[in-house]
Amino acid sequence: ILSVRLKTIWATDTVPYMVFGRGATYLYDVPGVSNWNTLDAAGFFDSTLLIYNGILTYPTLSYSTGVNSAISHYRFFRNEALNPRVFIWLQGENDSQNLTYSNAYEANLIAFVAGIREQFQNPDLPFIMVQLGAAYTGANKAVINTAYANIVASIPNTGLVSTSDFTGGTYYIPPSPYVHYNVKGAQLIANRIADLIDAENW
């Protein structure tokens, strides 16, 4: 759905290239696990995490899958200075389960946004965040969602997709605590992301 919508919004571009995410990561620097703030030897955010968490959308190529394919494409874009149109961030559940991690989330995400923009040499790269949904019961969910709201209020070219109406199990794969979206939830989020990109002319 998102790819189809973006093809309409970015009518002069080819089919968007999209790589989907990997779960169980932290923005906080947790020893021994997957962290978003880990840099590789070249000083870039770890390419595996960058490809497999959130969504990178490029105005070129077509959809492809596979670890090696995804990483090689990312390295090609980076080396050839081809930049994504938007960066879409769906993360936070793991951090929300720990108060220390949650309290550091806003500062860590501000630094991450700046790092991503520096890495792609685009200080205006749109960065879109998706709220933790209403039915999700992470202990510090409100802290994470407040961080998102504060970032949108203070950093240009950032946007927030609301999931405050995602109550009950309607939009999630059961059982509770409703972490993963079902098809209905994922499609609604995709449309809201596309609506935001269209409204902001990103």
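# Reading the calls in this chain

From the N terminus on, the elements of the chain run α-β-α-β-α-β-α-α-α-β-α-β-α. This is a predicted model, in which local features need pLDDT of at least 70 and side-chain atom pairs count only at pLDDT 80 or more, while totals for chains, interfaces and linings use all residues. Residues are numbered from 1 along each chain as its sequence is written, and side-chain values use heavy atoms, with hydrogens and water left out.

Q: What makes a stretch of the chain a helix or a strand, and how many of each are there?
A: Both are DSSP runs, numbered from the N terminus: helices are H or I over at least four residues, and strands are E over at least two. The chain comes to eight helices and five strands.

Q: Why are strand 4 and strand 5 said to pair?
A: Two strands pair if DSSP finds at least two bridges between them. Strand 4 (residues 127-130) and strand 5 (residues 158-161) have four bridges, so they qualify, and the sense is parallel. In one of these strands, strand 5, V161 is the bridge partner of V130.

Q: What makes the unit of strand 4, helix 7 and strand 5 right-handed?
A: With the strands pointing away from the viewer, a right-handed crossover runs clockwise from the first strand over the helix to the second. Strand 4, helix 7 (residues 141-154) and strand 5 make a β-α-β unit of that right-handed kind.

Q: Why is F87 called buried?
A: Buried means under 20% relative accessible area, exposed over 50%, and partly exposed in between, using a 1.4 Å probe and protein chains only. F87 has 0% relative accessibility, so it counts as buried. F112, at 2%, counts as buried too. Across the chain, buried residues make up 45% of the 202 residues.

Q: How do you know that F87 and F112 form an edge-to-face pair?
A: Rings of Phe, Tyr and Trp (its six-membered ring) pair if their centres lie within 6.5 Å; planes under 30 degrees apart count as stacked, over 60 as edge-to-face and the rest as tilted. The structure holds 14 aromatic pairs. For F87 and F112, the values are 6.0 Å centre to centre and 70 degrees between the planes, which is edge-to-face. This pair links distant parts of the chain, with F87 in strand 3 (residues 86-89) and F112 in helix 6 (residues 105-119), 25 residues apart.

Q: Why is the pair of F87 and F127 called stacked?
A: Their ring centres are 5.2 Å apart and their planes are at 5 degrees, so the pair is stacked.

Q: What makes Q91 and Y105 partners in a polar contact?
A: A polar contact is a pair of N or O atoms within 3.5 Å; within protein, one must be able to donate a hydrogen and the other to accept it, and residues adjacent in sequence count only if both atoms are side-chain atoms. The side chains of Q91 and Y105 make such a contact at 2.6 Å. Q91 is in the loop between strand 3 and helix 4 (93-96), and its 4% relative accessibility makes it buried.

Q: Which residues is N145 in contact with, leaving aside its neighbours within four places in sequence?
A: Contact means heavy atoms within 4.5 Å, and N145 has such contact with Q131 and L132. A polar atom of the N145 side chain lies 2.9 Å from the backbone nitrogen of L132. N145 is in helix 7 and is buried, at a relative accessible area of 15%.
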